[in-house]
Amino acid sequence: MLTREREGAGSSGNSQPPLEERGREGAGESERARGRAMHMIYLVVKAAVGLVLPAKLRDLSRENVLITGGGRGIGRQLAREFAERGARKIVLWGRTEKCLKETTEEIRQMGTECHYFICDVGNREEVYQTAKAVREKVGDITILVNNAAVVHGKSLMDSDDDALLKSQHINTLGQFWTTKAFLPRMLELQNGHIVCLNSVLALSAIPGAIDYCTSKASAFAFMESLTLGLLDCPGVSATTVLPFHTSTEMFQGMRVRFPNLFPPLKPETVARRTVEAVQLNQALLLLPWTMHALIILKSILPQAALEEIHKFSGTYTCMNTFKGRT
């Protein structure tokens, strides 16, 4: 009877549903809104409790981890940390075989199965071909850590065009290719984690590293969009890590005005906190925690005040002494 009435209403040019049906739809929408609000309150309370009580860490004993740029620096420390925490297999990607081989041997001596592959993540076809080789030799990757990056440490006008392109291809587009290569299988398995080792420079750029800052800001947007896109994908999550200046050869020579007040992070610390964030399924990690204040200041202070802070702290000229690895 209800169907006929609706059909008749439609034929007379009135497309409005019956009043009682509109009322039920409105009530249903209100109920869903209340449900979302309650869920948000639950998540806030859960996060607050997590600050006080220790949370349960994810078991890594069945996880196969792939780390790009895994031969040295933070990448090598990540491999050690995942091995110490019981990861089943570790795969290292990079462009320098000597470093990859040394790290692989070290991880194997720790008792963890480890493999390395020569791969330039800035080369799309090379990524897809190497990913296929990994699946055939090692198996499915369930934790992907996008760590590979380069920096040239020059201003825009002093930068070579090819060097600028190289930074964007490795630091940003490389994450597109690796994620596209491994995410589909994670979705099938309903088990996976995408990790991005980014930088606080994605949120607060400095002069003299325009290629790096731009690529990291792009990678941050990529991860933010990806993380939201995975909300309805059970078992698959993402983590973005934004560390302050870390004492690796990559940024050798970079100096701030007050090193005792703003000491560089140790690679071991960044690696430990990153793996913990994966085990806690933490979406965003700023290192150290004081970087949260930086984000707040950027959102409320005028540009002129921010410029004075850059000059006073030395970040305005910190790349003048840069001698790092490109």
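Predicted model: local features only at pLDDT ≥ 70, side-chain atom pairs only at ≥ 80, totals over all residues.
**Helix 5**

I started with the span of helix 5, residues 124-137. Its 14 residues reach 20 Å from the first C-alpha to the last, close to the 20 Å expected at 1.5 Å a residue.

Next I looked up which residues of helix 5 are buried, and found Val127, Thr130, Ala131 and Val134. They sit on the same side of helix 5, because they cover an arc of only 110° around the axis. I then checked the other side, where Gln129, Lys132 and Glu136 are exposed.

What covers the buried residues? I noted strand 1 (64-68), strand 2 (89-94), strand 3 (113-118) and helix 6 (161-189) among the elements that do.

Asn123 caps the N-terminal end, with a side-chain oxygen 3.3 Å from the backbone nitrogen of Glu125. After the helix comes Gly139, and I read a positive phi there, near 120°.

**Strand 1**

I moved on to strand 1, one of the elements covering helix 5's buried residues. I found 5 of its 5 residues buried, so strand 1 is largely enclosed by the rest of the structure.

In a regular strand the side chains alternate between the two faces of the sheet. Here I sorted Asn64, Leu66 and Thr68 onto one side, and Val65 and Ile67 onto the other; both faces are covered.

Which strands does strand 1 pair with? I found strand 2, parallel, over 5 bridges, with Leu66 opposite Val91. I also found strand 4 (residues 143-146), parallel, joined by 3 bridges, with Ile67 opposite Val145.

Last, I traced strand 1 through helix 3 (residues 73-84) to strand 2: a right-handed β-α-β unit.

Note on methods: Residues numbered from 1 in each chain as written. Heavy atoms only, no water. Helix = DSSP H or I, 4+ residues; strand = E, 2+ residues; numbered from the N terminus. Expected span 1.5 Å × (residues − 1). Buried < 20%, exposed > 50% of the residue type's maximum accessible area, 1.4 Å probe, protein only. Arc of directions from axis to C-beta. Contact = heavy atoms within 4.5 Å. Polar contact = N/O pair within 3.5 Å; in protein donor to acceptor, adjacent residues only side chain to side chain. Pairing = 2+ DSSP bridges. Right-handed = clockwise from strand over helix to strand, strands pointing away.
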